[in-house]
Amino acid sequence: MATVPTSARVVVIGAGIVGNSLVHHLAKLGWTDIVQIDKGALPNPGGSTGHASNFIFPVDHSREITDLTLDSVKQYQEMGVFTQSGGIEVARTEERMEELRRRMSSAKAWGIESRMVTPAEVQELVPFLEPDQIVGGFYTPSVGVVDSLRAGTIMRERAMASGALTVVPTVEVTGLDVEEGAIRRVRTTGGDIEADTVVIACGVWSPKLAAMAGAHIPLTPAVHQMISVGPCPQLAEKEGEISFPIVRDMDTFCYERQHGADMEVGSYAHRPILHDAEEIPSIEAAKLSPTEMPFTSDDFDPQLEQAFELMPDLLGAEGAEIRYAINGLLSLTPDGAPILGETPEVKGLWSAAAVWIKEGPGVGRAVAEWMTDGLPEIDLSHSDIARFYPHQRTRKHIRERTSEAFNKTYGIVHPGEQYLSDRPQRLAPMYESQKALGAEFFEAAGWERPFWYESNQVLLEEYGDRVLPREHEWDSRWWSPIINAEHLAMRDRAGIVDLSAFAIFDVVGPGALDTVQRVCVAQCDVAVGRVVYTPVLDERGGFRSDLTVMRLAHDRFRVVTGGAHGMVDRKWFADRVPADGSAQVVDLTSAYTTIGLWGPRARDILGELTRDDISHQGFGFGTCRDIETDSMQVLASRISYVGELGWELHVPIEQGNKLWSMLHEAGSSYGAVPVGIGVYGTTGRIEKGYRAFGFELDSERTIVEAGMQRPKVKAADFVGREAYLKQRVEDPKTMLCTLTVEDHTSKSGMKRYMLGGEPILSASGGELLDDHGHRPYVTTAGSAPSLGKHVLLAYLPPQEARLGNELTVSYMEELYPVTVGSADATSLFDPSNERIRA
Amino acid sequence: MTNVLVCIKRVPDLGGEISLTADGRSVDDSGLGHTISAHEEAAVELAITVAKDTGGEATVLTLGSDDAVEQLRNALALGCTAAIRIDADASAQGPADVARAIADVVREREAGGTTYDLVLLGSDASDTGDFQVGIRLAYALDRPVVTAVSTVSVQDGTVVARGAAPDGGSEVYELPMPAVVTVMEGGVEPRYPSIPGRMKAKKVAIEEAAPGFGAAGSGRLRLRLPEPAPSQVTILGEGPQAAAAVVDLFEKLGVTR
């Protein structure tokens, strides 16, 4: 058996599905001198992989997760460890049927073959299922099961065969040494390993390992209960591991999966049962494996009855006994997404954790690519470990959020649904005043952000049907027509928008200009007092972000970016400051609050508060400077994300409430209203065709595809420049378009409004495919109240990206006609931008 | 028709490594599940079988806190039809206390018209290993007792108990009823619960009893962990050459035939 080497190019801790897949892909990408260790014995070291139910349903509402799953399935198939069984999600209620129709949308958008089936069809596929218990089902033939332990062995062996990998099992990590902010050494029970790249792929134990280095992997071990019942004669007579489709009984949050002569019943219905990584028993003390915790039968009893209702003849068969029952541990995260990437705390220390069997090999490949050249093929921005704010890494937050989300594993989750636990967290200085205005708060990066204000209810009368009311409960959940009323009032008069959730950081020092020039696509070598909106690219020319940069001094640039992505952006800049320390990134998020003032009366209102010249000539678009407002010094920046005349006003956070009040006082005689993020993030933005990172923009999209290319490219070098220059002369493979919905009437006569994620099809409902091989889907959907239309953004095949082209959108399994209104970044509203430049 | 009473005790479900509580007086069961001793599992299996074979009923009894209801329900799920919990802190009771408390319940039930013709126990509990309760119970009830047998059946009103003899042969005892028998694992394969069994068990009301005396305790001062046994590793071979040895071993263990 191998002994622990004294040094390595990279140490991968963990030999579950993720660690095994990672060492394989690292070796494949040319890494050598890889050392993989695990405290357990091989091939099953005792983590969650060892007791996983090992089935894969490919359809998920998230594109990122679906792509990782599809890649994983390919890899499992190539290794010969995938058995296709088909899978059915069954509905016991009409509400669930609607959710299954929504899953059809995702299946179509991601190009996965699925279909709705009747109870009789379900029974044909699964003869022992009681059809009277269900209303219908969603059948995906490509569902299957894998042998994840065998896959792990194959991948390890491949890496060893190439000479790149040394595997040392039964060695436990006792410490991770960090020097000058970087990982240097892994201490183990078998000796120390010097390494400046270390990956924690330790599943439920990951937080404990990260803590050894002073880093955080914010996940919690949580129980998923599973029992195995058999031998069932109906299954025993069939050859092989699985011959019937897997059934997900969605309304009881349970699944039934054949495993040889047994039926495994798993549940996400029980109370959340959370553990701490430190309290997981050792291998020696565990009865089964450390992650197969003692079964708590009381928690499972209700599920037994529900499973029995669905399959009485099978589960009640003579001789069928509960032969195995565990509280299996798996990893849950506060937002449900995996935790991947280099830790923001420690250079060279990576996380590959909170990953399910269905994503394991795909994650292994993506993280290996990321470690190799920073460029995973699949966009991983929702899984980036850098996304967490400090409060999101605390035990309390993790436990409250995962407890809240656990029963939503099979739940019907509305795309706008908000978390309710561990709130409020971060409060804007004008929070109390917003509460008094009846703000409906949504959460972003922990900030409480007003989405709309009940105080604007009065506007509904003023605007009548122009607010595009929605009849259907689902379409109007987490939404209010007040959003559209606020929008119209802003366009008519003025709106005051709290933007405290912005992440703000300065890049300062003699090397600051070089840093921002290198990171940003747009020309940042501009006069002091200019504001620059810029994409940020990776080396491949995919989006890493889009943000604004204010040049405040020759050696000071202020970066303002969205809260949700702020931490990742900060790391992106901090990773790219010169090594000589000539530039620093200073986080000012908690130092400044930002209030937006926009609308045709914005200048009048601000004029009431300042003696400074804010005329168009005196304060041009795209400039910023300090102005005196009352006794406050306010950094005013004349830009707009809603397409109106106005300013972002930045003040020290302790003066935010004062400025907020003064704007309202000054604004009242001009009819200004408080305006929520419903307008700022959606309606105002999409009328102007503005793209949003995480929706239209991600690392798989380019500036050209997004229709955002400018006539010139700056001469200075920047990350992604070469790729971008190439993209500019090539034909785009897909083009971001704005579409308008022409008729909302469903078969039932009720008008329906898409919410995002729906597939775009040809006029006759045929499938479309862009030159990447992707199917078009709605990246953002929302009202455009000034146009009286519902607007959709979607990347279309270039040949379909024609003004006036008539297509359809599929929503809840019905087709609605849409028309291409813009095939580039030209906005549907005020296309010549007269309002902004007023 | 034989009415069987089977007595069980909730104990920690141990892995390979055992740790003690800080005061050294008991096994640390934090993070552990709970079960009944393997000998008691065999006793429950025999109780259910005897009851079924004779058209009688199997009642399960434990002395313990509310947590021990879990073990009663598990026995009900297997086929016991009634359950009694003597409400007491098991760790504060010595074997004499437990025997006395069970005897009180048996007598009380008898006075109420329910006779337990056969009382089955495990030969000892895995956490204390006293080997006393069965014998003390028989003494208290003035019944015949045999201990440490592997199988029990009732034939023509007589209890037939079989166990291993010291010389490798077997011993067979016949006892008149009512009788007490303590069981060791190995003679029967305990069943697992079925789903319908589990659902039925949920609906059974657990009868409660209270001990009518103060416990004397066990007199135990503290536990001590023995030195771990040296682990012995035999390498059967490497690569395909090891296959024959592995097959031999599997056959010896009864994994394959």
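This is a predicted model: local features need pLDDT of at least 70, side-chain atom pairs count only at pLDDT 80 or more; totals for chains, interfaces and linings use all residues.
I started with Ile13(A) and its contacts, taking two residues as touching if their C-beta atoms, placed from the backbone, lie within 7 Å. Beyond its neighbours within four places in sequence, Ile13(A) is in contact with Ile37(A), Val173(A), Val198(A), Val199(A), Ile200(A), Ala201(A), Cys202(A) and Leu209(A).

Residues are numbered from 1 along each chain as its sequence is written, and chains are lettered from A and ligands numbered from 1 in the order in which they are written.

Next I looked up the cores, meaning sets of buried Ala, Val, Leu, Ile, Met, Phe, Trp, Tyr and Cys residues joined through C-beta atoms within 7 Å. Buried is 20 or more other C-beta atoms within 10 Å of a residue's own, exposed is 12 or fewer, and partly exposed is in between. The largest nonpolar core has 262 residues, and Ile13(A) is among those with the most contacts inside it. Apart from that core lies another, of 60 residues, including Leu46(B) and Val159(B).

I found a cis peptide bond between Leu42(A) and Pro43(A), with omega about 10°. Another joins Arg423(A) and Pro424(A), with omega about -5°.

Asp33(A) isn't a glycine, yet its phi is positive, near 60°; Asp33(A) is partly exposed, with 15 other C-beta atoms within 10 Å. Asp156(B) also has a positive phi, of about 50°, and counts as exposed with 5 C-beta neighbours inside 10 Å.
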